[in-house]
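The sequence and structure come first.

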Amino acid sequence: LDRIRQETEGSLVAGIQSKFKELAGNRKVQEMKWIESINLYHGPLSGSFGHSYEKPYGEEKSRRGKEINIVGRKCDIAIAQGLMRQFGGGDKNWDIQALPNQTSSITPEEAAIRAERLEEVIYKQLTSSKYGYQSRKAYTDRVILGTGILKGPMNRLKVRKRYEVDPNTGTALPVLSSYEEPSIIRVDPWLFYPDDSVQSIDEAEFVIEAHPMGKADLLKLSKRPDFRSEAIIEILRRPADEESEITESLFANFSDNTELYKGKYVVLERHGPIYKDDLMKLGIEPAYDTPLDHYYGEVWVCQDKIIRIELSNVEGSYSVPYAVSTWVENPGSIFGIGAPLLMSDNQHVVNVAWQMALENSQLSSGPQVVIDKSTVPVGSTRVVEKALGRDDIFVVSNPEFLREGSAVHDFLNPDRVVIG
């Protein structure tokens, strides 16, 4: 029986690791899009992956010129507006009310009391799981990377520490106790590997989530009763395999920081079907029956070992516990298209036009007048004058359209006229 169990576990581990490497290899283009989005968002502040100014005369790469980052500002506005709509009145943007016509024997007053109590419980659980904070981070991912991901709600075992006084010595000793609580977690798109054969997360048969962990993180998991402490302790006796194919595929395009996640263990969390035959060989007996040949559950793998396996605690649940929201849908992919990529052409035009204006100002002699035909924020002319760096260049603003509601009056009664 032990040999059969070990062979079954080995087969599960090999399948998860193989599928992870396949998914990581298939999405290199997607990761390069994310890198471009991040560089567009940060503009001149980006690192070695950042943009370099390209001259409009055919030279491949030139010196990096001054840039005006329009993408970052517009993305920040989009994020602020979205969060204002969602959380303008605070993190509690919902209510629970009793139905006016009750179908059971309880009175409307009693139903209202129960609804209020349920609302208090849910609010406490959402606050404990930092729902507002997690949602804000996911919304930021949605705007910049095109995809925001939340996992949950799902029960997670949490550890509570309290102290008891030893009656013999009078010393306060820590006592750990565990309890289950619903949780909602923002998932980093860089560490999210869904089924790539479908277009929607609702259609995904499985999802693999990667967790780079240090020894302290794994040690915390070993103290939880829902993880296999013996397997984790055995893993901790070995160093993290930094040169493995899994580590290489995970961090290949993640960042230009060569020290990022260095010396970390890669823990893979897979949500998907677990077949009845495998459960029987592993000695796991489900608490409920299913007409299918499999159950839905999660398997955690690290360094060729299973450190956690659990079936879905929602009877009849056959879907992955993730919610995915995209900025603009990308046909043929669960991942969406972010705002920076949609504005990449505009940013390039601004960069080129800006650099050409700077070069023309350096070549010109005598006083010059720069006319801005676009609608720009108050104070933009002073910014342009400072960037040009010359006292004999004057900047004026002449928008190409007039104010709504007073266009005719403004045209017939201009406060000033620019001739030239």
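## Nonpolar cores

The largest nonpolar core of this predicted model holds 35 residues. Within this core, the residues with the most contacts are C75, V143, F192, I201, V207, V320 and Y322. Two or more residues each are given to the core by helix 2 (28-42), helix 3 (70-87), helix 5 (131-144) and strand 1 (147-165). Helix 3 is the main contributor, giving six residues, the most of any.

Setting aside neighbours within four places in sequence, V320 is in contact with I201, A204, E205, F206, V207, H271 and Y296.

## The hairpin of strands 6 and 7

Strand 6 (residues 294-302) pairs with strand 7 in the antiparallel sense, and six bridges join the two. One of the bridge pairs consists of W300 and its partner R308 in strand 7. The two strands form a hairpin with two residues between them. In the turn, Q303 has a positive phi of about 50 degrees.

Strand 7 covers residues 305-311 and is mostly covered, with five of its seven residues buried.

## Surface features

V369, I371, F394 and V418 make a nonpolar surface patch of about 350 Å². V369 belongs to strand 9, which runs over residues 368-372. Its relative accessible area is 54%, so V369 counts as exposed, the cut-off being over 50%.

E116 is placed in helix 4 (residues 108-128). With a relative accessible area of 47%, E116 is therefore partly exposed: the value falls between the limits of 20% for buried and 50% for exposed. Between the C-alpha atoms of E116 and D95 the separation is 8.9 Å, while the two residues are 21 residues apart along the chain.

## Overall figures

The secondary structure of the protein consists of 13 helices and 10 strands. The protein has 420 residues, of which 39% count as buried.

Among contacts in the protein with a separation of 6 or more, 70% are between residues 24 or more positions apart.

Conventions. Residues are numbered from 1 along each chain as its sequence is written. This is a predicted model: local features need pLDDT of at least 70, side-chain atom pairs count only at pLDDT 80 or more; totals for chains, interfaces and linings use all residues. Side-chain values use heavy atoms; hydrogens and water are left out. Buried means under 20% relative accessible area, exposed over 50%, partly exposed in between (1.4 Å probe, protein chains only). Helices (H or I, at least four residues) and strands (E, at least two) are DSSP runs, numbered from the N terminus. Two strands pair if DSSP finds at least two bridges between them. Patches are made of residues with over 30% relative accessible area and no salt bridge: like charges are joined within 9 Å, nonpolar side chains (Val, Leu, Ile, Met, Phe, Trp, Tyr) within 5 Å. Accessible areas come from the Shrake-Rupley method with a 1.4 Å probe; for residues, only the protein chains shown count as cover. A salt bridge is a side-chain nitrogen of Lys or Arg within 4 Å of a carboxyl oxygen of Asp or Glu. A nonpolar core is a set of buried Ala, Val, Leu, Ile, Met, Phe, Trp, Tyr and Cys residues joined through side-chain atoms within 4.5 Å. Contact means heavy atoms within 4.5 Å.
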